[in-house]
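Please look at the structure below before reading on. The paragraphs that follow start with charged pairs and then turn to rings, the core and the chain as a whole.

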Amino acid sequence: MSGRKALPAHEQAEELWERATGEYRGALRDIAAHLDTLTARRAALEEGTADLLWFWFGPSGRRTLVVENGWSWERAERFLRRTAVATLC
C-alpha cells in the first residue's frame, strides 16, 4: 500500500492504479458471480457482491485494521473472512 502513496506524484497515477487493480477486480467479479449462484439467499446483483468483496479483500480493509488500528494481519484476516461469510451466506 505504501506504493500507492507515491502515485499522486506520478503523472499517470490514475492509469497505473487502474491497471494494478483491474485484474484483481475482474477476478472478484468472477468470484461474485459464482457465489451468487451458490446461495439460497435472494440473489444479489453481481456488482453488489463484487463491491463487497472489494471492500473486504481489496487493499484498504486490512490496511485500515492493521496500520490504522494496530490489529495483527491474522486478526484482520479472520475478522474480514468471518464478516464476508456471515454477510454473503
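**Salt bridges, rings and core**

A search of the whole structure finds three salt bridges, a salt bridge being a side-chain nitrogen of Lys or Arg within 4 Å of a carboxyl oxygen of Asp or Glu. The model is a predicted one, in which local features need pLDDT of at least 70 and side-chain atom pairs count only at pLDDT 80 or more, while totals for chains, interfaces and linings use all residues. Residues are numbered from 1 along each chain as its sequence is written, and side-chain values use heavy atoms, with hydrogens and water left out.

One of the salt bridges joins the side chains of Glu15 and Arg19, at 3.7 Å from N to O. Both residues lie in helix 2, four residues apart, which is about one turn of the helix. Helices here are DSSP runs of H or I with at least four residues, strands are runs of E with at least two, and both are numbered from the N terminus. An α-helix has 3.6 residues a turn, so residues three or four places apart point the same way. Glu15 is partly exposed because its relative accessible area is 47%, and Arg19 is exposed because its value is 54%. The cut-offs are under 20% relative accessible area for buried and over 50% for exposed, with partly exposed in between (1.4 Å probe, protein chains only).

Another salt bridge, 3.9 Å from N to O, is formed by the side chains of Glu77 and Arg62. This pair links distant parts of the chain, with Glu77 in helix 5 and Arg62 in helix 4, 15 residues apart. Glu77 has 41% relative accessibility and so counts as partly exposed; Arg62, with a relative accessible area of 31%, is partly exposed.

The side chains of Arg63 and Glu68 also meet in a salt bridge, at 3.2 Å from N to O. How do its two ends stand, buried or exposed? Arg63 is buried, because its relative accessible area is 18%, whereas Glu68 is exposed at 55%.

The aromatic rings come next. Rings of Phe, Tyr and Trp (its six-membered ring) pair if their centres lie within 6.5 Å; planes under 30 degrees apart count as stacked, over 60 as edge-to-face and the rest as tilted. By this rule the count comes to two aromatic pairs. The ring centres of Tyr24 and Trp54 are 5.9 Å apart and their planes stand at 55°, so this pair is tilted. The pair links distant parts of the chain, since Tyr24 belongs to helix 2 and Trp54 to helix 3 (residues 46-57), 30 residues apart. Tyr24 is partly exposed at 37% relative accessibility, whereas Trp54, at 17%, counts as buried. In the pair of Trp71 and Phe79, the ring centres are 5.5 Å apart and the planes are at 80°, so the pair is edge-to-face. Phe79 has a relative accessible area of 33% and is therefore partly exposed.

What residues have the most contacts inside the largest nonpolar core? They are Leu53, Trp56, Leu65 and Ala76, in a core of 13 residues. Such a core is a set of buried Ala, Val, Leu, Ile, Met, Phe, Trp, Tyr and Cys residues joined through side-chain atoms within 4.5 Å. Helix 2, helix 3, helix 4 (59-68) and helix 5 (73-88) each give two or more residues to this core. In helix 4, the residues Gly61, Arg63, Leu65 and Val66 are buried. Just after helix 4, Gly70 takes a positive phi of about 80°.

The chain as a whole has five helices and zero strands. Of its 89 residues, 26% count as buried.
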